[in-house]
Amino acid sequence: MSISSGVRELPGLVAGMLPHACDIERLSDGELTEFVRLLGQAAAVMQSSAAIAAAEIETRSRRELGPESLARKAGVKSGAELVQRLTGSSLTDARKAVRVGVLLETAQAVAPEPADAGPRSIEVLAALPGAWSAPIAVAVRNGWLPAEHADRITSGLGQPRDDASTPAYRQAVLRLIADCWDGELTPEDAGRAAKATRAVLDREWAQQNAQRLYEQRSLKRTVRGDGMVKYDLLVDPATDAQIWTPIRRHLSPRLGGPRFMTDEERARAEELQQDARTNEQLLADTFTAFLTAGVTSSGVFGKYTPTVTIAVTTSELKKAITADAARRNSPPHDGPPGQPPDAASGTSTHRPPATPPPGADGIAWLDGRPEPLTGAQLITALCDGDAAAALLDETGQTLDATKAERTFSTRQRRAMALRDGGCLIPGCPMPPDATEAHHLNPWGENEANHKTETKDGVLLCKFDHLNLHNHGGRIERRGNTYWLHWPGEEPVRLLPKHSLTTQLRTQGELP
């Protein structure tokens, strides 16, 4: 077949159909949002066709084809580079198009394209034959899942380590797709959930990845020609939490954090808002104070002594303690070449760290981060006093507390932070320390029983908290799940963004 004349004329036809800027300005609010929605649908169709073509270019550019490789003929190294040249996109986007194209080819192989895909259905996806990723491929092909979400999910999950783990990956894919539907997850949210899910499904990878991230830490110092000094600091997630948590809390009013309540805090917030320094300058000055005075020095961070909270379930903590004891009690043995022998016995007393079997070391989670900590990192942080552990049972519900005042206590806020992982509104990236506690039931509705319970509060950032109250939104709790209601719209399930919650849901402990 050849390219039809309609396809050749498509760019001109599309350009002729699109309204001018002055026409868009005259659209009503409803017409404008509908116009953007339709554009998104058209773009998705175009991207699907482009992705299939990109995958075919990659296939025809295989290295083993030698001089007959399509990419070689065009004078580039790979099919993705040729796609980049043809489309004018970035190399990252070109490679993404190739990956999506491969997904769509997979969908065609496992389920020939129907005339009408019908309403989206997890049952239909669960019944598909083929590889663990087949549901993702068909969901994209049927228009049930955006290509960007699919790419983030597949990249975050990686590949099953062996055939035995494939069924668990298939179930995880179905859960993630359902979460994208119910919780209206952004691509970034979907990617974070997929990465956290992989850590649960493949403990060996999780431990190796945590160690890999830690080993990449570095600090580079460069003196510029004008005398300024540039520091390029690269740290792992655990170290970042120790650095960023106190800085963000200290500069909260300037960085979009929660509103302060006491007179002293309001005065501090007003002082920061009136500060003539840019946010970048404030960050630099605060970071300098952090280094020179230390996070526990009196007065540096006011009344808020920053504490990194690590969430861990009872079973995972037991694993970490057992593995740590095994390492500490491992018998002495001959050390590596060059290890000096013990003067008395003539043998080495060097004890290398014993490596527990994969998954036996336990894992824990930092607030709002998809990368887990190994059990060894958890024990080390607790011994050094760098962090505080929040111990949960296997349902994640043990931190619930009740008190007779309207405001939530520090303990309750910590419980909600571990449960929610940040602002619960879909797409909002604000972490727990940049949120406020929202009462699901306004104070005073039940005059006979004034109680503030963790289960009846959720975390929202300042913007979304105000937006909810200003525009008639409400959040409803149904058992252990929370739903967002906007007037005249279908409710949206609010999915937690904490890796510990992802772990429990992946293991089937939570709905």
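**Figure legends: the chain and its strand β10**

**View 1. The whole chain of the predicted model.** The chain has 21 helices and 13 strands, where helices (H or I, at least four residues) and strands (E, at least two) are DSSP runs numbered from the N terminus. This is a predicted model, in which local features need pLDDT of at least 70 and side-chain atom pairs count only at pLDDT 80 or more, while totals for chains, interfaces and linings use all residues. Residues are numbered from 1 along each chain as its sequence is written, and side-chain values use heavy atoms, with hydrogens and water left out. Of the 511 residues in the chain, 38% are buried, meaning under 20% relative accessible area with a 1.4 Å probe and protein chains only.

**View 2. Strand β10 and its surroundings.** All five of the five residues of strand β10 (residues 457–461) are buried, so this strand is largely enclosed by the rest of the structure. From β10, G457, L459 and C461 point one way, whereas V458 and L460 point the other way.

**View 3. The pairing of β8 with β10.** Strand β8 (residues 435–439) runs antiparallel to β10 and is joined to it by five bridges, two strands being paired if DSSP finds at least two bridges between them. Within this pair, H439 stands opposite G457 in β10.

**View 4. Confidence along the chain.** Among the elements, strand β7 (residues 402–403) has the lowest mean pLDDT (43), and helix α11 (residues 166–183) has the highest (93). Where pLDDT is low, the predicted coordinates should not be read in detail.

How values were computed:
Buried < 20%, exposed > 50% of the residue type's maximum accessible area, 1.4 Å probe, protein only. pLDDT = per-residue confidence, 0-100.
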